[in-house]
Amino acid sequence: MKINRKKAAAVAVAAIMTCGMFAGCDLVIQNENENMKQTVAEVNIKDSANFQKEFTGVNDELLTKVIGTASVSKRDMIATFVGSGYSAMSSYGWSYKDTFDAIIDSLVQRQVYIQYAKAYFLKNGWTDKDDNNKEYTYNELEKFNAAVKDKEGVDYDIAATAYFLTKKEIDKATYTTRVMFNNSIDSLEDRFIKKDDDDTDYETDVRTTPTGLNTSNSDYCPAGYQVYTGTGKQSGVHVYEPKDGSTTTTRLRAYNELLASLKSNGLVENGEDTSNIESLQYYKLEQKGDLEDALIQKMTDTFTKQAEEKLTEDYLKGKFETTLENQSDIYAKSSSSLESDMDSVSDSKFVLTAVPDQPQFGFVINILLPFSAAQSDELSSVTQDFGDTKGNKFMARAKLLSKIKATDQRGSWFTGETDYSFKVTGEDAADKAKKAYGYQEGEREWLFFEDNLNDSKSDSKYDRLKNYYGKYTYNGKVSYNEETKKYALQPKKITIDDFIDEMEGYLNYAFDGTVASGAKKNDYSTDYYNEDGSVNYGQFVYYEGSVDFGSDGFNANQIFKAGTPENKAMSVINELSFAYNTDTGGLNSYLGYAVTANKTNFVSEFEFAAQKVVSEGAGHYIVVPSDYGWHIIYCTFSFVGGKDYEGINTPFAYDHESREQEGTFSYLFYESYKADTASKESTNRRSQIISSYKDSYTIYEDRFEDLSNLDNRN
């Protein structure tokens, strides 16, 4: 198993250092600096018999300048142990010998791949853009000489690797290094920040947050971001956001703690200028590593692009047709296979058709507005009907249903360790109302996840939340005390009719028009049973409605594409589910609960209504009660309304021209095959390279015997 150079987590790095991991193992010995500098392996792919065969025609002088003998030091091994080796050792139950053997194998193979990447790009060139956005090609001796001029040691290695990267790639690698050091200092700073032990007046039952919250945007790389060590000006320069309670004193103490740990483990030498963290040899090693990671990614991306070229339109359409035909055959014979596949549907696992002549297959979001504990107790004490056509229990339940008062469940998003809330801003009330549904000055003024709702990918630290519309204000009054930094919440209590108004109002707000409408069906006064004594579940349907998707109707190919009517409606309902739903098992599901035509484990009222709304098609919604409370059931997707594809009913179609449109079915289908093909291709190519150049490195095992033998020390 390979050891990744990437840090398992900055907090783990700091924890290992703070515990004196190495010192506890007697790793620090006499003449530590010289010991750490020992070369434990050497790599030079030019020494391999395969090199000349593959790279004939490349400028020899340039090759000699760029590809020399790379030395792996004992310090590199220790740094890797800190970054990920210790974590792997703990996870897999490895011995020290197992771990350091894996580390040295990983380090030499990494250098082989890096040297190969450099030789590859010297042979084939690579492009960047100048200040005028004009592309030009690199692979010239003069440019390399200029890049490494007057550099030596690790500084030379940094410049020699950066030469192969674009400015954007260099900036991203530099940002990655700085983030790692800031995160490491953050985790150490926790112990120095004063905590208010009495500050616990927030909800301990934290509300589930949407999937993808605070997912880092891979393109985010803010200009001016620096490592903050507690010295120098922080605001407006570093971009770094300090932890709550951080001061220059706590930050400096944490930085000094980091330095002490690095020194004790031989990763910072005496005499180094610790006032400038980026001048430290350990920092430069990490910087070099991140630049090398960028070069490795560049090589991998090249192989990936080559693999993608194999994914032609005919190839992908063939895959779609074969999958559709196979599923049609399997599901016609076994509906249980369809049900199983529906339970695991995802961005990369598709169900393209359903059982013929059985339309009740699809997905629903269930929003449960529950009985209170007292109401549930009262309902439990009512005598069961057992076929009583007067419906005494159902009548008693109907009276209790009218008393249900739901509240916005997002209170914990205001308080606790993470505050996700933000106040709606705007020039006036009308402007604010355009930005937030239900806005009322002094009453409904708060939204959530401001950092995750930015549509500008390059300027946003996080990816935008998917399938979450993000404009539904907290339904209640919120007071915030600037001095105590505490919130006081008064959620508004709403009835089922109030909720329906909120839901249809929010849908119409999102579409900027009237697209959602429905009608009340029953009031629960009589007729709970059929003539044969069986329960008439149709009588329990309280309300029905639907979203009008326009003249073309619902298009399943667009359901995950942001901004489309299909996705907008699902995103609105999904957000309302986070706001009110007490059926937390349904939060963050892919399309909701899978619904089939067969008998299910759902309560009978829900089963009847879910199958009914699915048979009516996506965008329809229905309101029914059960002994749990009110269920608002929205159909996100069904196999109703599909088109005939060579005798098979399917709502999907693969369109090669749409494969680059994020969120479309064609995009998801293409990406699933691309990811699989690219992963296999890049892995195979890397394995081939390592195997072809296994004669290009030498490992000196006796020079790190002390590390391998740590298991034998008392």
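Predicted model: local features only at pLDDT ≥ 70, side-chain atom pairs only at ≥ 80, totals over all residues.
I have three cavities of 30 Å³ or more in my list.

Next up, aromatics. I searched the whole structure and got 58 aromatic pairs. I looked at Tyr175 with Tyr220, an edge-to-face pair at 5.9 Å centre to centre with 85° between the planes. I placed Tyr175 in helix 10 and Tyr220 in the loop between helix 10 and helix 11, so this pair ties together parts 45 residues apart in sequence. I have both Tyr175 and Tyr220 down as buried.

I then checked Trp413 and Phe449, whose ring centres are 4.7 Å apart with planes at 55°, so I logged the pair as tilted. I get a relative accessible area of 0% for Trp413 and 2% for Phe449, and under 20% is buried, so both go down as buried.

I also found a cluster linked by ring pairs, with Phe320, Phe350, Phe363 and Phe652 among its members.

Then charges over rings. I saw the charged end of Lys298 over the ring of Phe121, 5.9 Å from its centre. I found the charged end of Arg444 over the ring of Tyr472, at 5.2 Å from the ring centre.

Last entry: I looked up Asn35, which sits in helix 3 and counts as buried at 10% relative accessibility. I put its C-alpha 9.5 Å from that of Phe704, 669 residues apart along the chain.

Methods. Residues numbered from 1 in each chain as written. Heavy atoms only, no water. 1 Å grid on protein atoms, 1.4 Å probe; cavity = no way out; pocket = protein on both sides within 12 Å on 5 of 7 lines; lining within 4 Å. Points joined across faces, edges and corners; volume = space filled by probe spheres on them. Helix = DSSP H or I, 4+ residues; strand = E, 2+ residues; numbered from the N terminus. Buried < 20%, exposed > 50% of the residue type's maximum accessible area, 1.4 Å probe, protein only. Phe/Tyr/Trp six-rings, centres within 6.5 Å; stacked < 30°, edge-to-face > 60°. Lys NZ or Arg CZ within 6 Å of the ring centre and 35° of its normal.
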